[in-house]
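Try each task before you read its solution.

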Amino acid sequence: MQSRAHLWFIGPALFLMAVILLIPILIAGTLSFTDYSLGNSGAEFVGFENYERIFTRTTYEKMFGATFRYVFVVVPLTVGLGLGAALLIHSLGRIGDLYKTIYFLPVMAALIAMAIVWEFAFHPTIGVINATLERGCGTFLESWAWYAKGCERTFPLWLTDRDYAIWTVSFIGVWQGFGFNMVLYLAGLTSIPRQLYDAAEMDGATSGWDRFRLVTWPLLGPTTVFVVTISFIRSFQVFDMVEAFYPQGGGPSKSVYVMMFAIYEKGIQQNLMGIGAAITVVFLGFVMVLTLIQRRLVERRTHYV
Amino acid sequence: MAEVTYAGAPEGAKAQGFRFNTRAAVVHAVLIVGALIVLLPFYTMLSLSLKSPSEIMQQTGGFMGAQEPFRDDFCVKLGGTEEECMVNPIVYNYTTAFEKAPLVRYLLNGLIVTISIFVIQVIVALPCAYALAKLRFWGREAVFSLVLFCLLIPVHAIALPLYIMLAQVGLTNTYAALIIPWTISVFGIFLMRQFFMTVPDDLIDAARMDGMSEYGIIWRVMLPTAIPALMAFGIFSIVAHWNDYFWPRIVITGNRDLFTPPLGLREFKGDADGDNFGPMMATACIIVTPLIVAFLLAQRRFIEGITLSGMK
Amino acid sequence: MQRTLTAMALALASAAATTASAEDKIVVEFAYPYSHLFDVTYEAILPKFYAAHPNIEIRMRATYESYEDGTNTILREAVAGTLPDVTMQGLNRQAILVEKGIAKSLEPFIAAEADFAKDGYHKAMLDLGTFDSEVHGLPFSISLPVGYYNMEVMAKAGYDATNLPTTWAEVIEACGKLREAGVDNPMFWGWNITGNWFLQALMWSQDKPTVMGTDFTLDEPEGLTALNTMKDIFTGCEMQNLEWKAALASFSAGDLGMMYWSTSAVGAVERAMGDFTLVTSEYPGLTADGPMGLPAGGNSAMLVSTSEDPEELAAAWAWLKFITSGEGAADVARTTGYMPPNQAANEIILADFYDANPAKATAVRQLPLLREWQAYPGDNGLAATQVIYDGIEGIVTGEFEDMTELQEELTEEVQELLE
């Protein structure tokens, strides 16, 4: 079956990819060697100066730190919780739909509005979280040193203390993202033929764990590849929330200064397109390498159907 | 007949494993705790949309607030008398949301934009995904690698070059500016390709034997089997573009009539000089409602799609 | 409900009117920031303007969500060739648009006015929008830093309206007394206001500009005094690192005794605060004489029209002048927490208003101290602002202990950006 049909099939997609994604990336790549600033008539070629800055300034050290912390907290948790929720919900049959809807809510909500709500919830004194914690004061909980310290003055400033901020933001990232993975896993689970479980049972896989290990997990392989890839990319690209919480500067002492925000800050906020473009190129390089490593690791254990 | 091998197991297939009630009870308990954590911000959002400014800022008044009338400053400033300007919090928040920001218009724009984006994405992505999954041709691996590479490209990073390109052709401040950059969804291609990989070749061969064209196969054979995956893609695409705040605010700088729903939120921003949280939260509630309804409807279709193909 | 219907009817009527008369009207495209704050102002001004200039139509563009957004939008629109005619820009963002040649000089229009000074524009105000000795922006709304006090909390430590702190040393002393009286969070100081506003406030307090030409003056003794004062305030008051929303919420809830912030938030605080007495008072100084100067916040009107048509430019100028003088300017004070930067409006039209609104009068008393909210020159100006912001934040979070060291680091990094 050799026809020219495929050209018509991939042609439009390739054309749009080139125009919408690749050309702008090439433009960014070119700009990264200049000092272009929007509104200027021209730009000067500055060689590798922008790149040099990224790898020598402490600000950018913080940028890499924040990005990796976020990614390596959020990816395992969203994948794990997504799979866990999917398995539990799937085991319930129809009633599970209610949970499915609830867990999917955060994916659907506009993050810009939710950020404001979280800010209220995390308010250091009157927010619902610290107000609830405060109720535990005077009870046995105070024997925990951390808790006693909170009771003495105030509980942590979750969003503006540099020791907590990145973890709080990661928590919200998990809150927002795991429902997405759950739906993907649910789709994967529903497509596992029931006969396979019967067959496994006949072969002596009687416990739930055995069935999971022998049937569910291997058959979810392609789903997992997909889910992990997407989760990686999504968490590397985290931006909205950081911008909503910390429009200026990327969090207390830059502790939530993730790469996407850095690109936005330099390229759009501060109008330094050259350096913004350079971070973009570095960003792309990073995610490419990481995706390759991660695909090697995952592909060795699972196989595409 | 080929469908049987990949069709989904009916709901509750594994229920045998959880026959004991205690087990189900534990599962419910875990899921309910999770649900409470997930719902907390939504509870807060709804609650804030019902309260008066002072109750919001001081975080008092429980869920509903006292619903005591308060003075609407803007009404006073525009020359109203004190009595005329006393308003009930719920009424004030929701009418302001619709009145100050022409929210109906924004919702309509959101609908136009998200639906157009999704339809075009499907038209572009489905054939490409089919070709990548089921056709053998020279350069297939290269094209797939390109798709994977494009998946990594963050939109925020290319926003300015894209803006300048759109400006060159005079398209800023139009619906086209809101739609064009999203017509290609590499995520969609990737997702649909993964799904098509699981469709047995027999099905396609049978269709070819029946004399169906490749186009026919895509739209009449692959599309129906792909409904669940397409639903998933649809939900993600629509959610992402309905809620997108970043891109519309870059390209829509002139006419407010082209605003999408999230841009309605900015009408209530005052930053360091005080936001107007009540109407802002009311707007947020209104924006998310259509999505929840759509998801509930789609979910039913989603399950139907699976059960139907399973029963064949 | 009644209002909804009226508004809808008006909208329909005006839509019908525009289609009917779009031909013979001159359209001025106009964009401004913060619709939540200023919509009401323009709603009040527009009918008056239309009565005076029936042949001009003001077409409101999408509002900017912040000053930063406003500047970035204008820069993008300049590239796209879709600039409005008049734009409102943050006072410290004017310089960029002048440097890039986007904002037009207003001198030709001023020269054509018979007696411009009579309209209430005076030098200190015009200076805020003057670049290369040519006026490019007419200030529209002005704010100054002031002190907000919760008198019930202050009373716990024995303070009343007559003995509120007037120097930073007294503020720190008050913090100590309040903490002894059981107040957990006595004070918040608005270091995080955009454009390093509060650093510039401490510099101007010593009558020292933060930048002179391309020279960043933080390396001088005044700079070290400013940094040390901040450190003393933050540590002496054990100030929490609050985000502005959280700070306003804390103050409204009655947690904080003192808050140093922009006068522009008076309206928002009054609307949201609990059952306590709010008093605003002069911004404390480094010495008992009070500050020698304070930076002006707010925004100003700039002409960015690309039109060559003298009639259109005249219409844009008419609008620009109307909102910054006379009744137009007075509406700024009536509808927002800002002051009009116009002597005539403040002294003649608004005298009664300030008597009735004492919380808003504090800033007017401080008007003689008005100084420029400085921008850092060059393409890296905004990046410099961020470097300084990060530095000050480090003092609040406790990242930086040694102010001399911080002074050196900041000066070095900022100076490099400015050259």
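**Exercise 1.** How many helices and strands does the secondary structure of chain B come to?

*Solution.* Start with the ground rules: this is a predicted model, where local features need pLDDT of at least 70, side-chain atom pairs count only at pLDDT 80 or more, and totals for chains, interfaces and linings use all residues. Residues are numbered from 1 along each chain as its sequence is written, while chains are lettered from A and ligands numbered from 1 in the order in which they are written. Now take helices (H or I, at least four residues) and strands (E, at least two) as DSSP runs, numbered from the N terminus. Chain B then has 16 helices and two strands.

**Exercise 2.** Find which residues of helix 5 of chain B are buried, and where they lie around the helix.

*Solution.* First, call a residue buried if 20 or more other C-beta atoms, placed from the backbone, lie within 10 Å of its own. In helix 5 (residues 89–99) of chain B, that picks out Pro89(B), Tyr92(B), Asn93(B), Thr96(B) and Ala97(B). Next, look down the axis of helix 5 of chain B: these residues fall within an arc of 125 degrees (taken from the directions from the axis to the C-beta atoms), so they line one face. For the whole of chain B, 49% of the 312 residues are buried.

**Exercise 3.** Describe how chain A meets chain C.

*Solution.* Count a contact when two C-beta atoms, placed from the backbone, lie within 7 Å. By that rule, 26 residues of chain A are in contact with 32 residues of chain C. The chain A side comprises eight nonpolar, 13 polar and five charged residues, with Gly counted as polar.

Technical notes
Buried ≥ 20, exposed ≤ 12 C-beta atoms within 10 Å, placed from the backbone.
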